[in-house]
Amino acid sequence: MSTSAFPRGNSITLIDPELAVDFTTQETRNGESLATLRKMVFGRLEHTSAQTDPGKYLAIDCEMVGVGIDGEESSLARVSIVNYWGAVQLDEFVKQKERVVDYRTKWSGIRPSDMVRAKQFEEVQKTVAALTKDRIIVGHAVHNDLKVLLLSHPGPCIRDTQLLAAKHKVTSSKRPALRNLVKQELEIVIQGGEHSSVTDARATMAVFRLHRKEWEKGFRPLPRPGAGASNKRKRIESSEPATPTPPGKGRKGVSSGLSTIAKRTLQTKSKTPVKTASNNWWATLGASGIAGKGSMKL
């Protein structure tokens with residue numbers, strides 16, 4: 001019997017996880033094709049021009065390297081963002097300001113050579129902020145990604161697959177790992193060796209797509225980009241005091257609420273007719289025979 005089939009010692013046989021994936025299955029779940037989602041995760045899909053646009057949903061994932069004493073502090077080294085169809089919208093390496101102690105290559109997939117084409121943190125941060133503005137971010141424990149990017153995002157615009165999976169009882173774990181969730185839902189293996197933030201972002205989006213219809217029920221529909229500012233302007237304009245329209249002026253039957261109230265107040269203030277003062281007002285002084293204080297007869 002050949003012993004080559006039973007590796008011993010420190011020898012490791014790496015098996016391509018894609019070899020065991022069924023990309024031809026006709027199975028669907030919640031209206032999504034499992035074969036299509038699997039192809040998306042592993043970058044096997046061809047996208048139409050419309051599918052390369054950012055769209056409404058963006059999935060994000062980051063990779064870190066170790067800095068500081070013993071490399072225990074994490075520093076952002078790579079950011080990847082894909083859209084609803086898995087098309088890459090951003091994939092940038094981040095230049096390090098401190099000496100990298102541990103590249104964590106077996107987990108992060110990052111090597112010193114990747115830093116040659118890396119960009120400054122501020123530049124990457126600005127690009128991510130602009131890309132994700134007015135869009136829904138999908139991520140797994142996405143608060144960690146936002147934290148290392150020093151960015152915030154509106155709560156109604158965040159879809160955290162880790163929290164949502166636990167909330168909707170997709171898994172018994174309160175904080176399921178992405179690789180476990182993907183294996184359970186898509187029946188594929190990721191993160192078997194070096195991680196890829198692009199693959200992880202696509203996998204996160206694939207899980208979200210499987211449950212999107214159910215998970216989105218807990219969120220209110222978002223207004224169209226710019227609609228909030230427009231509505232705010234309208235509220236400000238409508239709250240400004242309106243100048244009362246003089247009688248007989250303006251369009252008939254059209255008035256603001258404020259001008260209507262002003263008109264009614266003038267009509268109901270007094271029922272006693274108001275006498276119009278004479279042009280020769282000085283001639284009436286003292287005519288009543290009662291001189292006021294400081295008055296004199298002419």
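These legends describe close-up views of a predicted model.

**View 1. The second largest pocket and its lining.**
The second largest pocket has a volume of about 430 Å³. Its lining is made up of 19 residues. Asp 61, Cys 62, Glu 63, Gln 191 and His 195 are the lining residues that lie nearest the centre of this pocket. By residue type, the lining divides into 6 nonpolar, 7 polar and 6 charged residues.

**View 2. Secondary structure around the second largest pocket.**
Four elements each supply at least two residues of the lining: strand 3 (57–67), helix 2 (105–108), helix 4 (142–149) and helix 6 (178–186). The largest share, 4 residues, comes from strand 3.

The model has 0 disulfides, where a disulfide would need a pair of cysteine sulfur atoms within 2.5 Å.

**View 3. Helix 1 and what covers it.**
Helix 1 spans residues 34–41 and is mostly covered, with 6 of its 8 residues buried. The buried residues are Leu 34, Ala 35, Leu 37, Arg 38, Met 40 and Val 41. The cover over these buried residues includes strand 1 (28–29), strand 2 (32–33), helix 6 and helix 7. Gly 43 follows helix 1 and has a positive phi, near 70°.

**View 4. Thr 204 in helix 7.**
Thr 204 is found in helix 7, which runs over residues 197–215. With a relative accessible area of 1%, Thr 204 is buried. A polar atom of the Thr 204 side chain lies 2.8 Å from the backbone oxygen of Asp 200. Not counting residues up to four places away in sequence, Thr 204 touches Val 138, Gly 139, His 140, Thr 161 and Leu 178.

**View 5. Val 124 in helix 3.**
Val 124 has its place in helix 3, residues 121–132. The relative accessible area of Val 124 is 1%, which means that this residue is buried. Val 124 touches Val 79, Glu 92, Phe 93, Val 94 and Lys 119, residues up to four places away in sequence not being counted. The C-alpha atoms of Val 124 and Asp 91 are 9.6 Å apart in space, while the two residues are 33 residues apart in sequence.

**View 6. Thr 132 in helix 3.**
Thr 132 is also placed in helix 3. Thr 132 counts as buried because its relative accessibility is 7% and the limit is under 20%. A polar atom of the Thr 132 side chain lies 3.5 Å from the backbone oxygen of Ala 129. Leaving aside neighbours within four places in sequence, Thr 132 is in contact with Leu 58, Ile 81, Ile 137 and His 153. Tyr 57 and Thr 132 are 75 residues apart in sequence, and their C-alpha atoms are 8.8 Å apart in space.

Terms used
Residues are numbered from 1 along each chain as its sequence is written. This is a predicted model: local features need pLDDT of at least 70, side-chain atom pairs count only at pLDDT 80 or more; totals for chains, interfaces and linings use all residues. Side-chain values use heavy atoms; hydrogens and water are left out. On a 1 Å grid over the protein atoms alone, a cavity is a set of points where a 1.4 Å probe fits but cannot get out, and a pocket is an open set with protein on both sides within 12 Å along at least five of seven lines; lining residues have an atom within 4 Å of a point. Grid points are joined across faces, edges and corners, and a volume is the space filled by probe spheres set on the points. Ala, Val, Leu, Ile, Met, Phe, Trp, Tyr, Cys and Pro count as nonpolar, Asp, Glu, Lys and Arg as charged, and the others, Gly among them, as polar. Buried means under 20% relative accessible area, exposed over 50%, partly exposed in between (1.4 Å probe, protein chains only). A polar contact is a pair of N or O atoms within 3.5 Å; within protein, one must be able to donate a hydrogen and the other to accept it, and residues adjacent in sequence count only if both atoms are side-chain atoms. Contact means heavy atoms within 4.5 Å.
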